[in-house]
Amino acid sequence: MSKIGVFVCHCGTNIANTVDVERAVASARELPGVAFASEYKYMCSEPGQQMIKDAIEEYGLDRVVIASCSPRMHETTFRKMLKDTKVNPYMLEIANIREQCSWVHTDKAKATEKAIRLIRMSVAKAARDEPLFASSIPIEKRALVIGGGIAGIQAALDIADAGHEVALLEREPSIGGKMAMLDKTFPTLDCSACISTPKMVDAGAHPNIKLLTSCEVVKTEGYIGNFQVTIRRNARYVNHDICTGCGLCETKCPVKTDSEFNHGLSKRPAIYKLFPQAVPSKPVIDKNSCLKLTKGKCGVCEKVCPLGCIDYADEDREFTETFGAIVFATGYELIDWTALYGEYGGGRYPDMLTGLQFERLVNASGPTEGHIVRPSDGKEPKTVAIVKCVGSRDPKKGKSYCSRACCMYAAKHAHQILDKLPGTRVFIFYIDVRTPGKGYEEFYDQTRKDGAIYVRGRISKIYKDGDKLVCNGEDTLLGKQVKVMADMVVLETAMTPSSGIEELATMFGVARDVNDWIQEAHPKLRPVETQVGGVFLAGTCQGPRDIPDTVAHASAAAAKVVSLLNKSEMETSPMISVVRREHCCGCGACEKICPYTAITLEEIDDRVGAKRVKRPIASVNSGLCQGCGACTAACRTGAIDLLGFRNAQILEEVDALCL
Amino acid sequence: MSVKETNDPKIIAFCCNWCTYTGADLAGLNRSHYPENVHIVRVPCSGRVNPQFILRAFRNGCDGVMVCGCHPGDCHYSTGNYFTRRRFTLMKRLLEYNGIDPGRFHARWISGSEAGKFRDTAEEVTAMVRKLGPNTRYREYARREMSADE
């Protein structure tokens with residue numbers, strides 16, 4: 001028979017005013033298994049805790065029920081207290097007679113009755129408590145940051161500065177991401193490259209950061225503290241160990257193909273650096289356009305390279321490394337508007353640009369060295385239409401969400417056009433103007449003062465007439481049709497999650513929201529964590545945001561990583577699922593329902609009669625299991641149970657209430 | 001087993017630790033009054049609630065059962081409450097088949113901040129269950145089983 005001690009707290013008068021504590025104690029004494037019951041003014045106080053400890057010693061108690069405030073308040077306090085006693089910290093139940101009884105009821109007799117019932121339920125559950133032991137798992141003190149944009153760079157630098165090793169993985173040949181493409185950043189108009197390239201160089205040179213460019217994650221196993229990640233380094237065909245990045249090969253390569261970095265506004269050779277300030281500042285060969293690799297001819301780069309770095313036999317290489325923490329910093333892409341907006345020409349008109357293309361056009365290191373000219377004929381535009389919310393806030397065609405940064409960069413684009421080409425007419429078509437941020441509203445005001453014409457309404461159709469792009473729309477404030485004969489149109493298109501996010505999220509078991517952004521663990525209180533332990537989020541992989549917010553988000557993720565990696569091992573909750581092997585039929589229902597891929601079927605040797613057979617049974621990975629108990633309700637044979645909340649314990653509670 | 005002949009229903013509420021249990025605690029903090037009839041059983045997730053628990057409660061003469069968790073999409077464990085939702089849509093029909101008024105069983109989504117909703121739900125369910133009268137459906141069976149146990 002168990003020896004349960006029941007301790008009823010007065011909580012000053014918080015409980016005692018509404019619940020007759022003495023009666024509750026007296027009735028608790030009568031319950032089966034209760035060896036001792038007592039009361040005190042403040043159970044959580046030092047003397048209160050001492051009283052419990054003394055009673056455990058004196059009466060040889062083996063489990064404890066405390067009737068007090070919510071377990072969310074003091075469960076950990078009392079568990080800590082039990083660590084110094086003979087009672088296992090998990091042989092504790094708390095009857096919540098404050099938040100769920102004395103505070104919400106007024107009738108003292110009825111409240112006392114209810115408190116007695118709640119105590120009875122807790123005692124019944126406690127009788128079936130079993131000692132549990134938190135296990136600890138070692139933590140590999142290395143982090144993997146996936147994505148080398150500003151979010152990834154910032155997170156990697158912060159983690160590395162705190163003294164931990166970081167691998168910064170990027171699938172492109174250079175880190176830098178979207179920010180490296182931008183010309184100027186709102187609202188301060190400082191040049192994007194001037195503030196991002198030093199950070200790229202810092203990341204490249206940091207002794208704690210290893211750059212993994214041209215790399216992709218192919219497989220992952222393990223859990224918080226111990227992720228085994230298999231990474232594929234795509235063939236570069238250039239030996240970066242000896243290459244100095246002199247650039248001779250790039251000038252001699254005969255191939256000209258569309259530049260990804262300039263979004264097709266210019267050409268690049270087949271052996272190329274992503275952009276001049278690339279980190280690492282060494283070229284790679286694009287195997288899809290290289291003549292030697294596609295047709296077996298050419299080989300010019302090999303001939304001109306003074307150091308013999310070119311290696312056409314280079315192959316994709318896979319390797320596996322262990323990391324304690326993962327940061328997703330996979331960023332965004334612009335929505336493919338050409339497929340969605342046929343009424344805007346579906347991409348047929350060369351003088352219609354996306355926001356990022358315009359950034360390249362206006363960028364001093366871009367294809368036109370910063371001159372705003374029409375890609376079709378090289379003429380300066382006299383009238384520019386900027387269309388906002390292309391794909392954003394458009395649930396019918398695009399996405400229902402607001403992409404957050406577009407209002408500001410549309411204002412910035414207008415400012416840049418008016419600055420570089422004074423006298424140009426700039427029309428901005430908008431649904432709403434959203435400028436929440438430090439200095440943002442002021443910037444928008446200034447842009448209007450500079451002469452940008454804001455027209456409230458969507459553009460319904462854009463078509464070509466001569467060399468003009470005719471934008472038909474409505475001014476909803478005037479209630480009139482408008483028509484703008486534009487020389488150039490800039491579409492501020494929606495941000496969408498990067499391609500490949502689906503595979504990556506599935507690999508790590510991380511959830512995505514309805515729009516495929518990575519789902520954070522809690523929208524307000526845990527914005528940089530995922531529900532998978534050890535996987536954190538930085539930047540736009542979680543949702544659209546601008547650069548300041550991205551950097552703040554990345555630093556927050558880094559802080560979470562550092563606080564994890566600062567521990568050498570981590571205690572895991574022992575309240576996890578367990579499988580009774582002899583009852584498990586191996587149906588796999590639990591495996592399917594588990595949100596953490598913590599359950600796998602493993603084959604065991606068994607016997608049917610005298611025959612030896614192999615059969616599958618469920619097995620729980622204690623590192624991955626978070627103790628939700630979904631599997632227990634799915635189990636057909638009742639073989640899987642949740643420690644701390646066993647089926648039998650909950651049934652005892654139900655029985656105790658109905659007595 | 002002493003099932004009293006009063007019209008003071010016993011209601012058991014399985015509440016997930018992360019949303020509804022927190023919401024109920026907040027109701028306490030706000031001193032929102034609701035009937036004493038509702039008794040909360042804390043579970044990690046509404047997905048932890050095995051239909052067996054509910055059947056046992058009704059068999060034992062419990063007058064009403066609530067299963068409460070995070071709103072769909074807000075589950076602390078990401079998907080638990082989706083399973084809850086599906087499971088208890090079926091549950092209602094099973095109860096009906098067994099002669100238990102489905103009005104005795106309620107699955108509700110109450111977040112950690114919805115103290116008012118918790119209070120309103122507790123009041124509403126209590127009123128509804130009170131109207132249905134005591135659950136005597138399995139009383140004889142439970143009594144027989146109890147005496148067999150002894």
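Strand 4 (residues 92–96) of chain A is largely enclosed by the rest of the structure, because five of its five residues are buried, where buried means that 20 or more other C-beta atoms, placed from the backbone, lie within 10 Å of the residue's own, exposed means 12 or fewer, and partly exposed lies in between. This is a predicted model, in which local features need pLDDT of at least 70 and side-chain atom pairs count only at pLDDT 80 or more, while totals for chains, interfaces and linings use all residues. Residues are numbered from 1 along each chain as its sequence is written, and chains are lettered from A and ligands numbered from 1 in the order in which they are written.

Both faces of strand 4 of chain A are covered, with A:L92, A:I94 and A:N96 buried on one side and A:E93 and A:A95 buried on the other. Strand 4 runs parallel to strand 3 of chain A, to which five bridges join it, and A:E93 is the bridge partner of A:V65. Helices (H or I, at least four residues) and strands (E, at least two) are DSSP runs numbered from the N terminus, and two strands pair if DSSP finds at least two bridges between them.

Strand 3 (63–68) of chain A is also among the elements against which the buried residues of helix 2 pack, together with strand 1 (4–9), strand 2 (34–40) and helix 3 (71–82). Those buried residues of helix 2 of chain A are A:G48, A:Q49, A:I52, A:A55 and A:I56. They lie on the same side of helix 2 because they cover an arc of only 120 degrees around the axis, the arc being that of the directions from the helix axis to the C-beta atoms. On the other side of helix 2 of chain A, A:E46, A:P47, A:Q50, A:D54, A:E57 and A:E58 are exposed. Just after this helix, A:G60 takes a positive phi of about 60 degrees.

At the level of the chains, the contact takes 35 residues from chain A and 35 residues from chain B, two residues being in contact if their C-beta atoms, placed from the backbone, lie within 7 Å. Helix 4 (98–102), helix 5 (108–126), helix 18 (630–634) and helix 19 (647–658) of chain A each supply at least two residues of the side that touches chain B, and the largest share, eight residues, comes from helix 19 of chain A.
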